[in-house]
Structures are given as structure tokens and as C-alpha cells.
Amino acid sequence: MILDVMNLKKCLTNVFLLTLAMLTTASGGFVGVNIGTDVSDLLAASNVVAILKAHQITHVRLYDADTHLLQALSNTSIEVIVGVTNEEVLRIGESPSAAAAWINKNVLAYVPSTNITAVAVGSEVLSTIPNVAPVLVPAMNSLHKALVAANLNFRVKVSTPHSMDIIPKPFPPSTATFNSSWNSTMVQLLQFLKNTNSSFMLNAYPYYGYTKGDGIFPIEYALFKPLPSVKQIVDPNTLFHYNSMFDAMVDAAYYSIDALDFSDIPVVVTETGWPSLGGSNEPDATVGNAETYNNNLIRRVLNDSGPPSQVNMPISAYIYELFNEDKRNGPISEKNWGIFYSNGSAIYPLSLSTSGQINGTSASVFCVAKDGADSDKLQAGLNYACGQGGANCAAIQQGQPCYLPNNVKSHASFAFNDYYQKTHSTGGTCDFDGTATITTRDPSYGSCIYTGSSNSSGGGMSLAPTALGPSSPSKASSNMQMCSLQYLISVVGAFLALVML
């Protein structure tokens, strides 16, 4: 009897773990966004997060561990990748105590309220600072050990983003391999990812693959556009058809991993996108191409399939990037990868899901007076908005719907919002000498309807809720997930009951 119970326990344990694995790997791909801060007039962190929430952006990557953004992201459930900067990698790689201190300061201080799920150690270290390569994996190991000590290693994974430059010949994908000079480092790195169930982070830019390709590939291939039969891109060794350069790049990474005898390490694309503006020598950096690339990227990712060699491994990708970064060095295109201008207005329509899109309006986002703001500054802002700013302030006049409550904060909120909704697409900001803030909460009340509200018939356009994440599952998919959840619950119940025997 005891033996039978023990065998049953063992069997149920295996089923339990298998079920967990199945449910974990069944999740589809998502589209996230990178948040850079090399912006002259960067919005306050709370306003940045308000934009993320307004567009239901569910995954973000920070290039560092920005205190203001990590605090503002608390209690949002948005999944966050925090970054160890390239300048920090050497010190952390040489000192486990420095790694522990970094985790304490930049992860432990924020979880669980801020949903940090990964640490990206440097950015394209092997390509940009090769002298630091010997300590890259030691740095990752030390950070992981610090997470283990804090019992966070199952929640927070450690990896490092790579440039496509580490794969000298990415096409055809089936023959792709990592630069052999990095083989020793790559074997250690892949073993670390395998041991810790972490992902291989890849920065994949078809824009550069196309512009540096000297006309080898058609631009349609880089933009996810359909190709005529005579232009089909086929791997001559596998006969796999590649409908996009993006898929070929991801597959090149999988084949390179396989060439070093590793498998089952998922590839996540930590950066991809297309610039909306370039110099005279960058004719392909246009708003139209950027809009086409990112819209098609989203559709590609949300179909929940992998590249031809790994069709059951959905691809997740982070768009580069949230805002244009005018302080970036380099060509004009380097400053123009954002999907939003620095004031929060959209550069081009972006269909984030089947239900809506980002467009040039900011409905669902409102500009209101801050609690506790100085009354003199509020009055000055109110005077500007209703005067030189051109806001329509008729509704806050005596006897009109928004006159009551008759105080400067209420009147300023209405005026600030009307100004912002009318001018943000041409550079207007929600600041007013630090007295205003962006909110996703509709401040309308009674018959006082704010511009941009879904109840408004006046100025401002309605923006349907959107998502930079998986589209809503079908009813059949929902039923399957519910069935899986119920099955898991029953298994857990049975398992716990047997444990008590």
C-alpha cells in the first residue's frame, strides 16, 4: 500500500511538472517596447507610464535601472527588463559583491510591486566592447547567484542582448554560425542560459540588413511585404521559404545555437524597428516604411508561430523604441526610431491589435492639474492656456457645465487638457511649469465633458483601447486555457492531498 502511494505520488509529481511546463510554453509571442531616455524634454516618468497604460503596453525594456521609471511602473503589472549598462559590466564581472549590491539596489528594492522579470547584462557587449567579453558570463553568473540568494531566480531571468554582427553570414540561415572567435564565450553563455531556463536575446534590424545589403534583397522582404514567386527567398539547403528578413535573422540565431550543440533555448528579439526619418544618404528611413515595418511586425508576432526551423517557438519582440531620442549621436536616422514624439503624440498610426490603433490623437490620455500644485503657477498656466495657448475655455465660464467647482485647480485642469488635446501633435506638452500631469482617468463629470473623452462630441478623437501584446484569444482558445487551468488545479489538489498522506 505504501509503495503504491509512493508510486502514485511520483506519477502525479511528474504529471504536475509536465503540466506546468506545457502551460508555460503554451503562451504566445508578445510585442514590447524599449524605453530610451536620451531625450532633451523627456516626459515625467508618471506620464511615460500613463502612455504605456493608455495603449495597454504590457512589456518594456529599460536600458538601465532608472529609478523614476521603476517606481512609476510599480503596481501596473507591466513586465520589465532592467539593464546593466555596458559601463557596469566589467565591475560586476570582476566582483560578486558588486553584483549582489546591484541586484539589491535595482531589483530587490522594487519587486514585487514593480514586475521585473529579467536583467539584460550590457548591450551587444561582444560587438561593442570586446575587451569586456571575458567577464560577461561571470557577471551573468554573479547576478544570477544574487537572485538565487534572494529567492528570485525563478521570477527574474538573466541574459544579454547580442547584435546580428556576431553572426557573420546570416543567410542562408541553415549554415549560419557565430563568429568562431567567440566560440569559447558563446558555449559558456549558452550553457548558462540552458541551466537557468533563460532566453537568448537578439537585436535584429532588417533595416540595416537591407540598407547594407547592396541590393541583394528586395525592400519588400525587409518590410514583411508579400513577394512575387520569382522573388521568393528560399534556403537552398532546407528549402524553407522565408517571407521576411526578420524571420531569417531569428532562424540564423537558432541555427547558430544549434551549431554549438545547444537546443531548446528560446530566442527573444530585444530590439527591432525602422527609423521614420533619415539624412539624404538614408532614403529608406521614412515614416511610411517605419509604419509598414512595425505594423507588419506586430501582425507577424501575434500569429504565435516561430521561424521556419522552429515553428512551435513563438517569437516575442521589443520595438525600438518608445520615443525619438534627439540626444543620440550618429546619423539623423539614429535619432528617429520612436513610435512617439517626446511629448507623447504618435508619429504614425500603429495597429497594435485587431481592436484599435495608436494615432495622432491622445484621447484616453488627459492632461490635468497636479494635486498640491502652486495656485499662482496654476493661475498663470490657466491664463496662458485660455489666452495665447488657444484653448476653448467657454465651458469654465460662469453658468457653463464646467464652472463648478469654482476653483483654480478645476478650471486649470479643463483648460490644460483642452490645450494639450489640440496641440500635442504639433509639439504642445502637458507641463505648465510643472503643475500638470498626464492621466488615463477620464476627468469628465456630470455634464462637464473633457476634450478627448469617449463621451465627447466636440474636439478630440476617440482612441480605442490598444495593446502592445498578444491579441485577445478566441473563444476556443479561452476555453482551452480554462480547461488547462482546471486540469492543473485538479492535479495540484490531488498532488497536495497525496503529499499529506
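**Close-up views of a predicted model**

**View 1. Strand β10 in its setting.** Strand β10 (residues 267-272) is mostly covered, with six of its six residues buried. Buried means under 20% relative accessible area, exposed over 50%, and partly exposed in between (1.4 Å probe, protein chains only). Helices (H or I, at least four residues) and strands (E, at least two) are DSSP runs, numbered from the N terminus. The model is predicted: local features need pLDDT of at least 70, side-chain atom pairs count only at pLDDT 80 or more, and totals for chains, interfaces and linings use all residues. Residues are numbered from 1 along each chain as its sequence is written, and side-chain values use heavy atoms, with hydrogens and water left out.

**View 2. The two partners of β10.** Strand β7 (residues 200-203) pairs with β10 in the parallel sense, over four bridges. Two strands pair if DSSP finds at least two bridges between them. F200 has V267 in β10 as its bridge partner. Strand β11 (residues 317-319) also runs parallel to β10, joined by two bridges. Here T272 stands opposite I319 in β11. From β10 the chain passes through helix α12 (residues 287-301) to β11, a right-handed β-α-β crossover. Right-handed means that, with the strands pointing away from the viewer, the path from the first strand over the helix to the second runs clockwise.

**View 3. The nine-strand sheet.** The open sheet has nine strands in the order β5-β4-β3-β2-β1-β11-β10-β7-β6, with parallel pairing. β5 (157-159) and β6 (161-163) stand at the edges. Each has a single partner strand, so one side of each is left without a neighbour in the sheet. From one strand to the next, the twist averages 25°. Strand β1 (residues 31-35) is joined to β11 by three bridges, and the two run parallel. V33 stands opposite I319 in β11. In a regular strand the side chains alternate between the two faces of the sheet.

**View 4. Helices α4 and α5 on the sheet.** Helix α4 packs on the sheet, touching β3 (79-84) and β4 (116-121), and its direction makes about 75° with that of β3. Helix α5 packs on the sheet too, touching β3 and β4, and its direction makes about 135° with that of β4. Contact means heavy atoms within 4.5 Å. Axes are lines fitted to C-alpha atoms, for helices over the stretch in contact, and angles run from 0 to 180 degrees between N-to-C directions.

**View 5. The α4 and α5 pair.** Helix α4 (residues 86-94) packs against helix α5 (residues 96-108) at an angle of about 125°, their axes 5 Å apart. That makes α4 oblique to α5. Angles under 35 degrees count as roughly parallel, over 145 as roughly antiparallel, 65 to 115 as roughly perpendicular and the rest as oblique. On the α4 side, E88, R91, I92 and E94 take part; they meet P96, A98, A99 and W102 in α5.

**View 6. Disulfide C367 to C430.** C367 and C430 are joined by a disulfide, S to S 2.1 Å. A disulfide is a pair of cysteine sulfur atoms within 2.5 Å. The link spans distant parts of the chain, 63 residues apart: C367 sits in strand β12 (residues 366-369), C430 in the loop between α14 (408-423) and β13 (436-439). The torsion about the S-S bond is about 90°, so this disulfide is right-handed. C367 is buried at 0% relative accessible area. C430 also counts as buried, at 4% relative accessibility.

**View 7. Disulfide C386 to C393.** C386 is joined to C393, S to S 2.0 Å. The S-S torsion is about -95°, so the disulfide is left-handed. C386 is partly exposed, at 31% relative accessible area, whereas C393 is buried, at 8%.

**View 8. Disulfide C402 to C448.** The sulfur atoms of C402 and C448 lie 1.9 Å apart in a disulfide. With 105° about the S-S bond, the link is right-handed. C402 lies in the loop between α13 (375-386) and α14, and C448 in the loop between β13 and α15 (475-499), so the pair ties together parts that are 46 residues apart in sequence. Both C402 and C448 are buried.

**View 9. The protein as a whole.** The protein has 15 helices and 13 strands. Of its 501 residues, 51% are buried. The disulfide count comes to three. With the bonded cysteines numbered in sequence order, the pairing is 1-5, 2-3, 4-6.
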